[in-house]
Amino acid sequence: MAGMARISTTSDVFSAIAEPKRRVILEKLLVEQMSVTDLVDALQWTQPMVSKHLKVLKEVKLVAETKVGRFHYYRAQPDELRPIQDWIHRFEKYWGGALENLDSYLTDIKSRGDARE
Amino acid sequence: MNDTTVEPSVIVREFDAPRELVFEAWTQVEHLNNWMFPMQGCQCNFVSADIRDGGTSLHTITMPNGHQMWLFTKYEEVDFPEKLVFLQYMSNEAGDILPNPHMPDWPRDMLASLYFESLAENRTKLTFNWQPRNPTVAELAVFEASRADHHKGWGAGMDQLEAYLAAG
């Protein structure tokens, strides 16, 4: 797709997860902390590709780094993920919840109506 | 901005009530105040409502913890009793739409299209479609990424994320 505008990898959490490969990495790091080598082995991607996406995830603080001896380990950071989860579920939660209330309300109206009959 | 066809997010729900009543529950304030909030324990109060084609409304929802939010709604189609189309925004008490600093690429214009279908005299099916309107490339990518959809968006990771956050 030469010439197509690339989605910028800005310092925004939502843009960071808009890239499918970064979501794959995050999914891995939600389960356990891993090194770049672990990720390369698990995903069968090249090391530069893994490092490039890790860098973006680190920039937006979705991923934290721990140094153990000579090794760097990465793990997902739950607090930075919370707003994402909130927004992912906004539609289902907000409107799903509202429709639940609508259902109760309609049932209330009906039972009040039935009581009058 | 572009011609990309956006696949909407959909909720389908059936109600034991006639179609006209379900529709009016969405368009009459005396009904709306009783149910239009995301969970029990909230208070809903419409301070203005001009619910017709091209009209707007402004309401406030007070959460059980006292947090108050304002929502401004633009109605595009109010077609009794079968179709309702609106755009809803977080706003201030004056109805000014607020930007969302935490998520600059979340689609600004989220369009809700509701279809009311009569299944029986007292049974109504509501299909609620939610999709970004005229999204930028970045907005579209973020919307697609937000789906709990195994092919396009955040798939199995969503369950892990939920479990992780619940445990945290």
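Me: How many residues does the hairpin between E6(B) and E7(B) go through?
Reply: In this predicted model, the hairpin that joins E6(B) to E7(B) runs through 2 residues.

Me: And over how many bridges do those two strands pair, and in which sense?
Reply: Strand E6, residues 110-120 of chain B, and strand E7, residues 123-132 of chain B, pair over 10 bridges in the antiparallel sense.

Me: How many bridges join E1(B) to E7(B)?
Reply: E1(B) and E7(B) run antiparallel and are joined by 7 bridges; within E7(B), B:Thr124 is the residue that stands opposite B:Phe15.

Me: OK, zooming out, what is the strand order of the sheet?
Reply: It is an open sheet of 7 strands in chain B, with antiparallel pairing and the order E1-E7-E6-E5-E4-E3-E2. Strands E1 (9-15) and E2 (43-49) of chain B stand at the edges and have a single partner strand each, so one side of each is left without a neighbour in the sheet. On average, and with direction ignored, neighbouring strands of this sheet are turned by 25° against each other.

Me: Which helix packs on the sheet?
Reply: Helix H1 of chain B, residues 19-27, packs on the sheet and touches E1, E4 (68-79), E5 (83-91), E6 and E7 of chain B, while the direction of H1 makes about 155° with that of E6(B).

Me: Where is the cis peptide bond in chain B?
Reply: The cis peptide bond joins B:Phe80 and B:Pro81, with omega at about -10°, and B:Pro81 lies in the loop between E4 and E5 of chain B.

Me: Where is confidence lowest in chain B, and where is it highest?
Reply: Confidence in chain B is lowest in helix H4 (residues 156-167), where the mean is 50, and highest in E2(B), at 96. The pLDDT of chain B averages 82, and 77% of the residues score at least 70.

Me: Over which residues of chain B does pLDDT stay under 50?
Reply: That applies to residues 149-158 of chain B, for which the model has 20 contacts beyond four places in sequence. Where pLDDT is low, the predicted coordinates should not be read in detail.

Me: What ipTM and pTM does the predictor give the complex?
Reply: The complex has an ipTM of 0.78 and a pTM of 0.65 from the predictor.

Me: Switching to chain A, how many helices and strands does it have?
Reply: Chain A has 6 helices and 2 strands, and from the N terminus on its elements follow the pattern α-α-α-α-β-β-α-α. Of its 117 residues, 26% count as buried.

Me: At what angle do H2(A) and H4(A) pack?
Reply: Helix H2 (residues 20-31) and helix H4 (residues 47-59) of chain A pack at an angle of about 75°, and their axes are 10 Å apart. The two helices H2(A) and H4(A) are therefore roughly perpendicular to each other.

Me: Which residues meet there?
Reply: From H2(A), A:Lys21, A:Arg22, A:Ile25 and A:Leu26 meet A:His53, A:Leu54, A:Val56 and A:Leu57 of H4(A). Sorted by class, this contact of H2(A) with H4(A) has 5 nonpolar, 1 polar and 2 charged residues.

Me: Is A:Gln44, with its positive phi, buried or exposed?
Reply: A:Gln44, which is not a glycine, has a positive phi of about 60° and lies in the loop between helix H3 (36-43) and H4 of chain A. A:Gln44 is exposed, with 7 other C-beta atoms within 10 Å.

Me: And where does A:Lys61 lie?
Reply: A:Lys61 lies in the loop between H4 and strand E1 (63-68) of chain A, and its phi is near 65°, a positive value in a residue other than glycine. With 14 C-beta neighbours inside 10 Å, A:Lys61 counts as partly exposed.

Key: Residues are numbered from 1 along each chain as its sequence is written. Chains are lettered from A and ligands numbered from 1 in the order in which they are written. This is a predicted model: local features need pLDDT of at least 70, side-chain atom pairs count only at pLDDT 80 or more; totals for chains, interfaces and linings use all residues. Two strands pair if DSSP finds at least two bridges between them. Helices (H or I, at least four residues) and strands (E, at least two) are DSSP runs, numbered from the N terminus. Axes are lines fitted to C-alpha atoms, for helices over the stretch in contact, and angles run from 0 to 180 degrees between N-to-C directions. Two residues are in contact if their C-beta atoms, placed from the backbone, lie within 7 Å. Angles under 35 degrees count as roughly parallel, over 145 as roughly antiparallel, 65 to 115 as roughly perpendicular and the rest as oblique. Ala, Val, Leu, Ile, Met, Phe, Trp, Tyr, Cys and Pro count as nonpolar, Asp, Glu, Lys and Arg as charged, and the others, Gly among them, as polar. pLDDT is the predictor's confidence in each residue, from 0 to 100. A residue is buried if 20 or more other C-beta atoms lie within 10 Å of its own, exposed if 12 or fewer, and partly exposed in between; C-beta atoms are placed from the backbone.
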